[in-house]
Amino acid sequence: MNFKTDIDFRKQSLNRLLDSILLHEQEIIQALYDDFKKSEFEAVVTETGYVISDLKHTIKNIKKWTKPKRVFPSLLNFPSSDFIYSEPYGNVLVIAPWNYPFQLAMCPLIAAVAAGNSVVLKPSELTPKVSGVIAEIIRESFDPTHVEVFLGGSEVSKRLLERRWDYIFFTGSVAVGKIVAKAAAEHLTPVTLELGGKNPCIVDATANLPITAKRIVWGKFINAGQTCIAPDYILVQNKVKNKLVSLLTSEITAAYGEDPELSPDFPRIINAKNWSRLADMIDQTKVLTGGKSNPENLYLSPTLINEPDLQSAVMQEEIFGPILPIISYENEKELETIIAKYEKPLSLYIFSDDKSFARRIIRDFSFGGGCINDAVIHFANKNLPFGGVGHSGIGAYHGRSSFDLFSHQKAIVRKANWLDLPFRYAPYKDKLKAIRFFMRWM
Ligand code: NAD
């Protein structure tokens, strides 16, 4: 079978993958708990359930997506029929991170296979249990010449990056993204880079504060803040700051109890290195709530930080943990000054009932994507392309966009022979006037 051309073969492969994931679902959930204490609820919503839904959607649509797409022809070529063919790139390398270790490895892989590519997947070394189950699922579902998993750390990625690929899909940090882009440039290999950044979360005085607080607490502290699109810092209008802080504090307690260390729903920091990096970011003199930690089980409490210095580590790096700085602003000029200090973020959130304010923010700032009056949830819509811009990434995927991303769009004009207009052929002589007239109307 040729996975490049045989659509039924691709579909069968994806169906085998679906069966295997369904068979191993409890193991994946357990592995996510073992690796960093992700709750079953979050494991299903953001990992297994998400991947199963994506896989079913892909299997259902694969025939439609693979069909050559007819587009309106150009009058200059009259008479013709014009098409876009989706052609697999060939051999694809997918490098995945640890924070949603199942979803961010499987979703690109599913799309790459649907588009007819062969895939090498390098899952994260920081979630060894999940990566082990992934390797087993892939072995069960695919021939190794079609899809293969390489386990290991950066040394394995580095060796893989020395090879020539037809496409590289990388999810991870900006620093490693640059390494991947350099390696890809060597062979002019196209890349998608799904990176991170500091995502602003703006709350103005018109926002519905109780619902704003509830949604921010959910979006920030899901996965213990280890989410690329989590709100990184809050910019709140002066006059509603105190009210927002008090609502955020009570929402944290409502979600995770008086002692979140005991909550079955609050994950741990992925490793000691990240735990220390985060613990060092907390200036105890500025803690509004939280600020507790336990190195033995890599626990860090949901923490609100009051007005940090913009030069401090918490406002210089992507936080990627359960720490939420709160900075107040008076007017839009101040807001602009702060946001403009940072590279283009992966997401931005606006909590406001003022529609024209929200429109101005969307118009004036460049960012990957976001929400008005919510956080994180734009990720869930298969009809919205997901990706960054500038330092937060290159390219976008999800739903049909994922299939298109792993396909070269080959443009074909099928010219008819029943008419052959003479304009374009030399000698041109006095044809220029006629062609100018014609082009003016196109
Ligand atoms: P990372 O960049 O450290 O690692 C990602 C992958 O790259 C891993 O598989 C790792 O083994 C590999 N790697 C590490 N060093 C390497 C090197 N020198 N050369 C080649 N490969 C190397 O990222 P991470 O810590 O796993 O994930 C956290 C980062 O990922 C955050 O910045 C976060 O914002 C970002 N992220 C982005 C998205 C997105 O969709 N945009 C999703 C999740 C995470």
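Modeller: The ligand shell

Helix H5 gives the most to the shell around the ligand, with four residues; helices here are DSSP runs of H or I with at least four residues, strands are runs of E with at least two, and both are numbered from the N terminus. The model is a predicted one, in which local features need pLDDT of at least 70 and side-chain atom pairs count only at pLDDT 80 or more, while totals for chains, interfaces and linings use all residues. Residues are numbered from 1 along each chain as its sequence is written, and side-chain values use heavy atoms, with hydrogens and water left out.

In total, 29 residues surround the ligand, a residue being counted if one of its heavy atoms lies within 4 Å. The closest are Ala-96, Glu-125, Ser-173, Leu-195 and Glu-318. By class, the shell holds 15 nonpolar, nine polar and five charged residues (Ala, Val, Leu, Ile, Met, Phe, Trp, Tyr, Cys and Pro count as nonpolar, Asp, Glu, Lys and Arg as charged, and the others, Gly among them, as polar).

Glu-318 places a polar side-chain atom 2.6 Å from an oxygen atom of the ligand. At Leu-195 it is a polar backbone atom that lies 2.7 Å from a nitrogen atom of the ligand. The side chain of Trp-98 has an N or O atom 2.9 Å from an oxygen atom of the ligand. The ligand taken alone exposes 840 Å², of which the protein buries 90%; these accessible areas come from the Shrake-Rupley method with a 1.4 Å probe.

The ligand sits in the largest pocket. A pocket is an open set of points on a 1 Å grid over the protein atoms alone where a 1.4 Å probe fits, with protein on both sides within 12 Å along at least five of seven lines; a molecule sits in it if more than half of its atoms lie within 2 Å of its grid points. The elements that give two or more residues to the shell are helix H5 (154-162), strand E6 (167-171) and helix H6 (174-186).

Domain 1 (7-195 + 390-409) and domain 2 (200-382) both give residues to this shell, so the ligand lies between them. The domain bounds come from an automatic or database domain assignment.

Methods
A polar contact is a pair of N or O atoms within 3.5 Å; within protein, one must be able to donate a hydrogen and the other to accept it, and residues adjacent in sequence count only if both atoms are side-chain atoms. On a 1 Å grid over the protein atoms alone, a cavity is a set of points where a 1.4 Å probe fits but cannot get out, and a pocket is an open set with protein on both sides within 12 Å along at least five of seven lines; lining residues have an atom within 4 Å of a point.
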